[in-house]
Amino acid sequence: MRKVFILVWILAAFAISTVNADDAEWQFYGSVRMGTFYNDRDFGDLLSQPDAQIPLSDKDDGLEWSLISTSRIGGKVQKGPLTGHFEYGSGPNLRYLYGVWDFDTAQFLVGQTWTPLGSYFYSNQAYNNDDLLFKVGQVANLRHPMLQLTMGGFKMALVALHSATDLGTGGSVEINYPKLEITYHHDWDSGFLDLFGGYQIYEIIDSITELDVKAYAYGIGGGFAIGSGYLRGGFYISKNAGQYGLANVGMSDALVVDDRLIDNHTIGGLVVVGWKVSDFLTVEAGVGMTRHELQDYRFSKNENAAYYLQAPLTMAPGLRIIPEIGHYDFREDYQGLDAGDLTYMGAKWQVDF
């Protein structure tokens, strides 16, 4: 009898969910993306140093011919004031899983999507899995679990800490507060302005000492269009960007030396210019730079720069080919070693359905 009751309960629940699903509006989509690039990598002095950090270490000389990780499949659902969104990448990895309640004057989001400081896409750089200058120049906290409130142009979110490490001390990590991010976006007829900031803190506790590891990022961005042309750019300042979780190339972590925390200060920026020649062809060029500097330490700083030129071609609705050539200059690492450079050329192939 108990088994029959359980079966009836399951069937009833399924029937109710089916009726509710009929009231919702579903939309499914996908995007398949291939990267076909040739890499010419010079590692400078890094290969002679076993403990050296090698920027973009998975990029070596030779041909790259692969399904890139930004390929995705997902779906969206609308049911009254509630919307939901899920999306998986080709990893496979969960990109989006969130729901939003729209109560007219504001929207409340629960789940994982782009954080407020991960929602800026000034660049369309295609190389390195649609890098978008995230690692060199663009502030990027990417996608993480959070609670977010949106009111007009303002966003405020409490975000999960995802890079809170013990910094090699062997101590325990204690997290008492989520990350706080606040942004503001304003549009004009031909331009826009972004202001953003975020802060977090956690503790490292071992048998000798307790360390408060503080990290933040703040900055400004914007752009405007003139006819068929556009210009976008941004600038940010960060402390302990590695612990904050910003996408970065180079040494952006804090250090613990003799039970003392040494903060790492980062500045970054980018400029992107483009021109839509026709519905078939667009031309875009961009440059991004970052500089990390350890405070009051014998090995002080490392700098990185990236440049690219692309000519996206829209072959048909949903079919794009993006030829691109670019260069990364890794300059010197934080130990003063020549970190080499990387030059690439090729194309991204994309079908959206």
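**Entry 1**

Next I looked up D131, which is buried with a relative accessible area of 3%. D131 and K135 form a salt bridge, their closest N and O atoms 3.1 Å apart. By salt bridge I mean a side-chain nitrogen of Lys or Arg within 4 Å of a carboxyl oxygen of Asp or Glu.

**Entry 2: what I am working with**

I noted that this is a predicted model, where local features need pLDDT of at least 70 and side-chain atom pairs count only at pLDDT 80 or more, while totals for chains, interfaces and linings use all residues. Residues are numbered from 1 along each chain as its sequence is written, and side-chain values use heavy atoms, with hydrogens and water left out.

**Entry 3: a pair across the chain**

I then checked E284 and R232, a salt bridge with the closest N and O atoms 3.7 Å apart. This pair links distant parts of the chain: R232 sits in strand β13 (residues 229-239) and E284 in strand β17 (residues 282-294), 52 residues apart. Strands here are DSSP runs (E, at least two residues), numbered from the N terminus. Both E284 and R232 are buried.

**Entry 4: another buried pair**

Where does K59 go? I found its side chain meeting that of E64 in a salt bridge (3.5 Å, N to O). Both residues, E64 and K59, are buried.

**Entry 5: the wider tally**

How many salt bridges does the structure hold? I have 13 in my notes. I also wrote down a network of salt bridges that links R291, E293, E303, D329 and R331.

Key
Buried means under 20% relative accessible area, exposed over 50%, partly exposed in between (1.4 Å probe, protein chains only). Helices (H or I, at least four residues) and strands (E, at least two) are DSSP runs, numbered from the N terminus.
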